[in-house]
Amino acid sequence: MELPLLSLLVWGPFVGALVCLGLPARYARYSVYVACIVLLVEVFLAAILFSELHMAKGIYAESNFLWVERHVWFVMSLGERWGHLRVDYLLGVDGLSGPLVLLAALLFLVALGPAWRMVRRPRLFFSLYLLLCGAVMGALCSLDMLLLFLFLEFLVLPTYVLIAFWGGRGRTEAALQFLLYTLSGSVLIFFVLLGLYLSISIPQRLPTEVGLQWVRHLDLTQIINTSHYKATGLFSSQNMQAFWGLPLRGWAFLALCVGLGIKVPLIPGHGWLPKAHVEASTSISIILAGVLLKLGAYGLFRIGWGVFPDQVLEYAPVLAFFAVFSIVYAGLNALVQMDLKRLIAYASIAHMGFVVLGMSSLSDRGMMGAVYQMLSHGLVVAALFLIVDGVEQRTGTRNISHLSGLADRGPRLAAFALLFFCAAFGLPGFSGFVAEMLVLMGAFEAIWAQSFSWGLGIFALLGIVLAAAYFIWAYQRVFQGPYWIRNAERTIPLRDICLWEVAVLSGLLGLVLVLGLYPQPVLEAMYTTIHHLKLLMYTYGSS
Amino acid sequence: MSDALKTVALYGFALAFLLPFCSFLWHVCPQRGRCRGKAALGFLIMAGVCMGGATGLWLVYVEDPNIVPVSWIILPPALVIRFSVDFSAPVLILCNCTLLVSCWVHMYSVDYMKEDKRLAPYFAMLGLFTTAMLGLFVSGNLWSMALCWGWIGICSYVLIGHNYQEKGMARAATEAFLIGKVGDIGLWVGMLVFLVISSGLDIETLQLYFGDSFKQQVSGFMVWVGLFALCFVWAALSKSAQFPFQVWLISAMRGPVPVSALLHSATLVAAGVFLLGRLAFLFTPWVREVLLVVGLGTALTAGLAAYTQVHIKRLLAYSTISQMGFMVALVALGQVAYAFLYIVLHAIAKALLFLATGIITQQLARAGLQKSEELSQMSGLWRQMPLPYIASAAGAAVLLGLPLSAGYGLKEYFTAQFWGYGGWGLPVAGLALLSTGLYLGRLMGYLFLKKSPQVAQSSAWCLGIWQRPWLQLPLWMGSFCCLGVGYQYPKIGGKGWLWAGMQEVSFALDSWEVAGRPIGLTVLSWGSVGAALLAAGYAARERPRPHLGNLGYRFIHHHGYLHWIYERIYRGIHRCARIMQRVERYSLAPLGAGLAKGLLLLALGTHFVDKQGLSGGLKAAARSLYRVGRRADLLTKQHLPRRMAWVLFFGLCLLWTVLLLFYF
């Protein structure tokens with residue numbers, strides 16, 4: 001029997017969380033070691049998974065996924081009219097989720113760094129942290145839509161507590177806003193889920209019944225097949241019943257885009273992000289920006305692109321417009337931020353705009369670029385938050401106008417800052433360049449690009465220049481010029497970054513450089529899946 | 001035999017590229033003791049030797065195709081990107097020139113920057129910059145070109161901002177970097193567009209696609225190709241500091257002298273012209289016209305601006321801009337080989353001028369004779385500083401194209417080209433040449449020829465130079481390179497090796513026909529020499545001016561006040577960002593809070609209605625109706641908050657009614 005790799009990946013952290021909680025008070029400080037060991041195992045498992053990823057084809061059928069585990073969770077008879085309801089414990093990865101699993105495992109490990117000497121209630125912190133990790137892994141690996149939704153909702157809880165308990169001064173408000181935004185998004189996703197249950201029934205053989213049964217089952221490996229929709233079903237593509245000028249399927253896609261767009265976030269739904277990023281502690285900021293934002297984009301890919309290809313084909317230009325608007329709007333906002341963390345938060349929004357732009361280009365290159373941008377942004381943003389944490393730890397402030405000339409006392413910190421700033425605005429040679437180039441290629445050759453005549457792509461390019469401007473300007477103000485820190489009680493003798501920080505940052509730098517200079521293996525791992533996804537869009541979408 | 005030699009030569013090239021990079025790695029790693037830069041110099045000299053040897057082997061023995069492809073991303077059919085390396089003769093000559101100038105700068109820095117505290121990062125960045133520049137020259141593919149292009153930008157940012165503690169220095173570096181970044185958009189858009197309309201970004205492939213045969217076949221599409229090629233022109237103009245981008249070069253002058261000598265001679269600014277030359281086959285006639293207008297216009301205006309400068313480094317900066325204009329004009333005329341030749345000669349001459357200037361200012365500052373770098377404060381130095389005098393004279397001679405100097409033949413050809421082009425080009429080019437003479441003469445006249453009682457008083461301070469071999473060596477070598485004998489132009493007899501090598505430009509294109517070279521042309525190129533003599537004579541007798549002259553003079557001096565326009569643009573963007581921030585703060589950010597508050601209000605309202613209206617039944621409803629009537633009567637008499645509450649209440653009632661109606 002094959003090792004249930006994905007189950008280990010998903011439930012390992014849950015077990016770790018229980019262990020952390022169960023530690024006696026005397027050994028509370030060892031909970032970080034528990035977390036560290038669990039996460040090392042996670043990274044190891046994710047690396048194994050990643051190494052075989054190029055064999056995954058994704059989307060079409062169960063056999064195209066790797067390490068599939070399928071167990072019937074429950075089957076329920078709903079009577080003559082509704083048939084059976086079935087939910088599976090169905091895990092599997094393909095080239096879309098596999099790289100993200102590896103990224104998530106790595107970032108959870110890296111984010112342990114700033115939390116290493118957590119003083120307040122370490123057992124609770126690390127058990128919640130591990131719960132969050134497990135939920136993220138679950139959301140990335142599960143292929144049953146209800147399971148995915150459950151994991152996606154479950155992870156809001158530990159995140160809320162982690163922000164609200166261990167954050168900065170305005171943490172409660174930030175956490176509440178995060179909760180409100182995310183849950184209102186979830187409501188919309190939930191409606192879509194219900195609608196799908198109402199419109200899909202797959203003929204299946206159930207273990208408890210005799211003969212073929214009509215089963216309502218949101219199995220993401222089969223859901224794409226249009227023959228599984230009842231012709232009169234709510235979200236069937238034959239159902240032309242328009243509601244305020246839009247067929248129900250269109251409404252469903254819209255709801256999905258809004259619900260997941262809040263998580264990505266796309267611009268009108270981004271209100272929670274700057275606050276949450278600023279108020280959360282550094283390790284949680286890393287997880288928020290590096291992992292949780294990606295889940296939104298992943299969800300869009302998996303559910304939006306996988307279930308509503310026809311709608312995607314229709315509304316891709318609109319999404320692309322919102323993405324480019326995000327890029328420019330967030331870029332302009334980042335230009336005038338005075339808080340370094342806030343600046344990075346807005347930069348994150350701009351970067352996620354590139355992800356959505358690549359996704360909505362509906363071309364191989366663009367969609368590969370989107371996934372690549374997720375990886376790249378995850379790594380870079382983790383490093384950026386570590387650097388800002390370093391600045392804050394040493395000077396007691398994150399305010400740009402209170403800092404000057406830090407390069408004088410902390411040359412290593414400054415060097416890493418410059419390198420990662422460059423990586424963040426996509427200097428060639430770093431991973432961001434490959435990602436942005438792929439995305440822009442997609443944007444220039446997308447089918448909607450002809451009518452827009454490349455305008456969106458050029459605006460996105462302006463966003464890159466804006467990124468260069470705000471990062472280099474911030475670098476100039478914080479790290480260059482004469483050394484002083486305003487409002488400091490005394491002249492602080494600034495220490496340069498210490499060994500573990502150098503180790504973590506150079507590890508991240510190495511990854512970013514490898515991704516930027518030799519993208520072949522990672523692109524190869526995701527290419528087959530993305531290509532299948534694209535074919536699928538055009539076969540099912542246009543019919 | 002040839003294969004073995006080829007392998008040896010390839011290893012030589014590999015070493016030549018890796019050694020500057022090793023210098024970078026060496027200086028990045030923590031070292032015991034203080035960095036003195038000797039290691040970097042060693043690496044660079046070794047790289048230079050390897051490059052020289054390999055070039056010799058390659059050009060003499062290897063006649064294979066020069067392009068070596070290396071695959072980078074292979075995902076057919078979506079994406080296939082190969083890097084390719086082009087080792088044709090002109091490219092190799094440019095590489096050698098870059099390494100030569102880089103070696104000089106390293107030597108010079110070892111002594112010149114001696115007292116600097118942050119030498120390790122300085123030399124590290126010099127090494128990285130040199131590597132990136134070499135990579136740019138040899139890359140036969142726009143992908144690798146963009147890679148090196150980006151790294152050149154960031155390295156120059158760090159190098160220009162080396163003394164970031166000083167006031168305004170960091171800002172100058174940022175400005176230079178960001179203007180370069182704006183230029184990068186052009187490169188990226190161009191790459192993306194050409195990727196979409198053709199299959200790859202190999203320069204060879206592009207030439208096959210859009211070369212001469214293509215132009216004759218589909219002339220309608222060429223309008224578009226020209227338009228897209230304008231993107232590359234945009235990028236190249238920004239790197240080569242042509243109109244309207246030249247502002248960055250002036251602010252970049254604030255960097256250390258050796259950095260200026262490297263950046264503004266063989267490397268950073270040359271990158272733009274190099275890109276133009278590589279992609280010259282894309283340029284349709286009207287694009288070339290644009291290039292010609294921009295190049296000659298910049299050459300003339302920057303030449304005049306240089307003449308009006310009082311600050312020695314600014315004079316040299318404007319001179320660089322002007323010379324770059326000549327190169328761009330040469331590309332516009334289709335003479336890529338001459339443009340590349342111009343890069344080499346200008347690099348040597350300009351590096352020499354910068355290095356000499358550095359010695360002069362440093363020595364004067366050490367002697368406590370002057371603080372600023374203003375021309376009026378240094379004069380009559382030829383007796384005290386013979387070596388910088390010789391070096392500057394050699395550099396100026398090359399730029400002027402004096403006979404027996406390296407620049408002579410080139411200048412002859414340059415004027416001949418414009419004679420052939422005819423029209424407005426000839427007078428403008430002639431005027432630009434004259435302005436070259438003017439500012440060089442002014443420089444020489446002020447620095448060396450003018451009598452200065454202040455300096456003559458003491459002469460002991462100037463002797464220090466003779467004890468500093470690392471400062472001397474580049475000047476001697478550079479002065480030697482400025483001699484024309486070594487290159488042997490056709491004027492002097494036979495085609496010289498440098499000229500012949502440049503003629504192998506595989507990407508040259510049809511040029512405007514040159515209709516002979518009447519002897520009258522020489523008058524033009526001699527005119528600039530005359531102008532130089534005049535200006536030198538004038539400068540030698542000119543008294544330092546307290547103020548700048550009239551409006552026109554000031555306009556030329558500030559080069560059309562472009563920096564002011566740029567300042568406006570920065571402010572505009574900043575203001576735009578502020579508006580966006582306000583939008584964010586007052587509309588989108590409170591959305592969440594507003595949502596929460598709205599929910600709360602709705603809940604309170606519902607509770608109120610529930611308590612007051614529904615539970616009390618009809619009687620309560622009647623009572624409340626009565627109360628409502630009275631309240632409505634009182635509404636006008638009550639104070640604001642209570643009135644608002646009532647308005648809110650009615651609003652809620654209305655909202656619920658609408659909701660209920662809609663539901664049923």
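The structure is a predicted model.

W305(A) shows what such a position looks like in detail. Leaving aside neighbours within four places in sequence, W305(A) is in contact with F253(A), L300(A), V312(A), L319(A), M359(A), S360(A), L362(A), M367(A), L533(A), L536(A) and M537(A).

Another residue of chain A, Y298(A), lies in helix α10, residues 282–307. Y298(A) counts as buried because its relative accessibility is 2%, under the 20% limit. Not counting residues up to four places away in sequence, Y298(A) touches L96(A), S97(A), L100(A), A139(A), L140(A) and M374(A). The C-alpha atoms of Y298(A) and V371(A) are separated by 8.6 Å, although the two residues are 73 residues apart along the chain.

**Chain B and its helix α2**

Chain B has 664 residues, of which 56% count as buried. Its secondary structure consists of 27 helices and two strands. Of the contacts in chain B with a separation of 6 or more, 80% are between residues 24 or more positions apart.

Helix α2 of chain B covers residues 38–61, which is 24 residues. From its first C-alpha to its last, helix α2 of chain B reaches 34 Å, close to the 34 Å expected at 1.5 Å a residue. The buried residues in α2(B) are A40(B), L41(B), F43(B), L44(B), A47(B), C50(B), M51(B), A54(B), T55(B), L57(B) and W58(B). What covers them includes four helices of chain B: α1 (2–28), α3 (89–112), α4 (119–138) and α20 (469–481).

**The contact between chains A and B**

Chain A brings 61 residues to the contact and chain B brings 51 residues. About 5000 Å² is buried between the two chains, and carbon and sulfur atoms give 75% of this area. On the chain A side, Y329(A), V336(A) and M437(A) lose the most area to chain B, together 11% of what that side buries. How many salt bridges cross the interface of chain A and chain B? The rule finds zero there.

**Salt bridges**

Over all chains, the search finds 19 salt bridges.

| Pair | Closest N and O atoms |
|---|---|
| K275(A) and E173(A) | 3.5 Å |
| K534(A) and D364(A) | 3.6 Å |
| R394(A) and E501(A) | 2.8 Å |

In the salt bridge of K275(A) with E173(A), K275(A) belongs to helix α9 (residues 272–279) of chain A and E173(A) to helix α7 (residues 171–199) of chain A, so that distant parts of the chain, 102 residues apart, are linked. K275(A) is partly exposed, with a relative accessible area of 27%. E173(A) is also partly exposed, at 45%.

K534(A) and D364(A) form a salt bridge. K534(A) lies in helix α20 (residues 520–542) of chain A and D364(A) in helix α13 (residues 364–395) of chain A, so this pair ties together parts that are 170 residues apart in sequence. D364(A) counts as buried, with 6% relative accessibility.

Helix α13 of chain A also holds R394(A), whose partner E501(A) is in helix α19 (residues 499–517) of chain A; this pair links distant parts of the chain, 107 residues apart. Are the two partners buried or exposed? R394(A) is buried, with a relative accessible area of 8%. E501(A) counts as buried too, at 9% relative accessibility.

Salt bridges can also join into a network, as they do for E62(A), R70(A), R86(A), D88(A) and D219(A).

**Cysteines**

The count of disulfides over all chains comes to zero. C133(A) is in no disulfide, and the nearest cysteine sulfur, that of C141(A), is 10 Å away. C133(A) counts as buried, at 0% relative accessibility. In chain B, C482(B) is likewise in no disulfide; the nearest cysteine sulfur belongs to C481(B) and is 7.0 Å away. C482(B) counts as buried, at 3% relative accessibility.

Note on methods. Residues are numbered from 1 along each chain as its sequence is written. Chains are lettered from A and ligands numbered from 1 in the order in which they are written. This is a predicted model: local features need pLDDT of at least 70, side-chain atom pairs count only at pLDDT 80 or more; totals for chains, interfaces and linings use all residues. Side-chain values use heavy atoms; hydrogens and water are left out. A disulfide is a pair of cysteine sulfur atoms within 2.5 Å. Buried means under 20% relative accessible area, exposed over 50%, partly exposed in between (1.4 Å probe, protein chains only). The expected span of a helix is 1.5 Å times one less than its number of residues. Contact means heavy atoms within 4.5 Å. Buried area is the accessible area (1.4 Å probe) that two parts lose on being put together, summed over both. A salt bridge is a side-chain nitrogen of Lys or Arg within 4 Å of a carboxyl oxygen of Asp or Glu.
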